Amino acid sequence: MSTLGAAREFSDEARAHTRDLGDFVSASPSSYHAAAEAARRLTAAGFTSLDEAADWPTRPGSYFVVRDGAIIAWVVPEGAGPRTGFHMLGSHTDSPSFKLKPKPTTGAHGWLQAGVEVYGGPLLNSWLDRELLLAGRLVLTDGTEVLTRTEPLLRFPQLAIHLDRQVNDGLTLDKQRHMNPVWGTGVPAQEDLLAVLAEAAGVEAARIGGYDVVVADAQAPAEFGRDGAFFASGRLDNLSSVHASLVALIEHAATGGGEHVAMLTAFDHEEIGSGSRSGAAGPFLQEILERISGGLGATDADRYRAYADSVCVSADAGHSIHPNYPERHDPANQPLLGAGPLLKINANQRYATDGVGAALWARWCDEAGVPYQEFVSNNVMPCGSTIGPLTATRLGVRTVDVGIPLLSMHSAREMCGVADPWRLARVGVRLFSS
């Protein structure tokens, strides 16, 4: 199938999937909200929530665990035993943004502002002159955790061109001086931004003992372009993969089949290196795998044999060729929005795909009737990395890096082809059922 032909083929099912992705993104302004929304959908589909501090059932079934802003869910098939392998679809719940600092109520010259710290690698200019909200979790002094989310509240106002006549020759933003959003007028000593967050959560501000709160774009997702071929939204990197994994696992649980434990792994903190208790470099996944295999009666030797029969598909967004900057892309591999998900390849193992994994991906796409594209970086444009190499290194499990193509990655508002998220989910179903 040609890329141009594929780019304009999208079914009602694909549109419905992507609109549901928009609902998922809107419900998930922070990683904590994303994990909670995934848990809500899994519960509605009949999955059982498990407490890490409690004993777990050992019988076949559908389960999930939430740890902070991460979630892992799985389906143990009938007949599973000590050497049953795992088919995992991995992703991450966080996106580049800004995180609220301690003593967050700031301001000067009659303005109320918010003290924020840059989280990950956002395209700073894309956050200017947008209506933004605050969202995340509040931890109360008794240890209770509650989610909070404001209405549109903040804005990073750009300096008018009359006061910076050279701005179109090159915009330079100082992360400390220029990235302080406004949220009102008044005297900072007489206001309390935490009180606004507490009111949104329905708790008393005096009870807040800690918080993890980020800035999020308040604009609703939307389809646009010729024939509605494109989809614009915040946080497509990487909620597009979280959502596709969720849809695929719920469908798999409803239809049954497969010889492996089907598993969704959605980690937090990928954008800042994954080094946390809920990140891919931490112990979360390994602990869950050991508890599942232990419940199936596995010895250490059995578990290693199960890992040898396992595979992880690391799904994270990648780059479409940009028509205004074609020189930044590989001259022979130029994926396009709407022409199918990406197989991501890197000689230096920034992506974990190898020849065996590539062949598996090609087979699953063929079985799902989904076109795919290969992505590799231009040699002078070093690529980022994903949870894939971390998972492969920690567990020794065969790992393949994939994802949907985007334009404007790490912008406050990214864009993808309207059919690609649905196609990724279709391949996920094949992974889980194989």
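## A briefing on strand 13 and its surroundings

Strand 3 (residues 70–76) and strand 13 run antiparallel and are joined by five bridges. Helices (H or I, at least four residues) and strands (E, at least two) are DSSP runs, numbered from the N terminus, and two strands pair if DSSP finds at least two bridges between them. This is a predicted model, in which local features need pLDDT of at least 70 and side-chain atom pairs count only at pLDDT 80 or more, while totals for chains, interfaces and linings use all residues. Residues are numbered from 1 along each chain as its sequence is written, and side-chain values use heavy atoms, with hydrogens and water left out.

**The chain as a whole**

- You will find 10 helices and 20 strands in the chain.
- The chain has a radius of gyration of 22 Å, which agrees with the value near 22 Å for a compact globule of 434 residues; the radius is taken over C-alpha atoms, and the globule rule is 2.2 Å times the number of residues to the power 0.38.
- The C-alpha trace spans about 70 × 55 × 40 Å along its principal axes.
- Of the 434 residues, 54% are buried (under 20% relative accessible area, with exposed over 50% and partly exposed in between; 1.4 Å probe, protein chains only).
- Take the contacts (heavy atoms within 4.5 Å) between residues at least 6 apart in sequence: 76% of them join residues at least 24 apart.

**Surface and charge**

- Carbon and sulfur atoms account for 49% of an accessible surface of about 18500 Å², computed by the Shrake-Rupley method with a 1.4 Å probe.
- The chain carries 35 positive and 50 negative charges, and their mean positions are 1 Å apart.
- For this count Lys and Arg are positive and Asp and Glu negative, with His and the chain ends not counted; each charge is placed at NZ of Lys, CZ of Arg, CG of Asp or CD of Glu.

- Nine strands make an open sheet with mixed pairing, in the order 1-2-3-13-4-14-18-16-17.
- Its edge strands, strand 1 (48–49) and strand 17 (373–375), each pair on one side only.

- All seven residues of strand 13 (residues 261–267) are buried.
- Both faces are covered, with Val-261, Met-263, Thr-265 and Phe-267 on one side and Ala-262, Leu-264 and Ala-266 on the other.

**Strands 7 and 10**

- Strand 10 (residues 208–217) is mostly covered, with nine of its 10 residues buried.
- Strand 7 (residues 132–140) runs antiparallel to strand 10, and nine bridges join them.
- One place to look at this pairing is Val-139, whose bridge partner in strand 10 is Gly-210.

**Pro-122, a loop residue**

- Pro-122 lies in the loop between strand 6 (111–119) and strand 7.
- Pro-122 counts as buried because its relative accessibility is 11%.
- Beyond its neighbours within four places in sequence, Pro-122 is in contact with Pro-96, Ser-97, Phe-98, Trp-127 and His-410.
- From Pro-122 to Glu-367 there are 245 residues in sequence and 37 Å in space, C-alpha to C-alpha.
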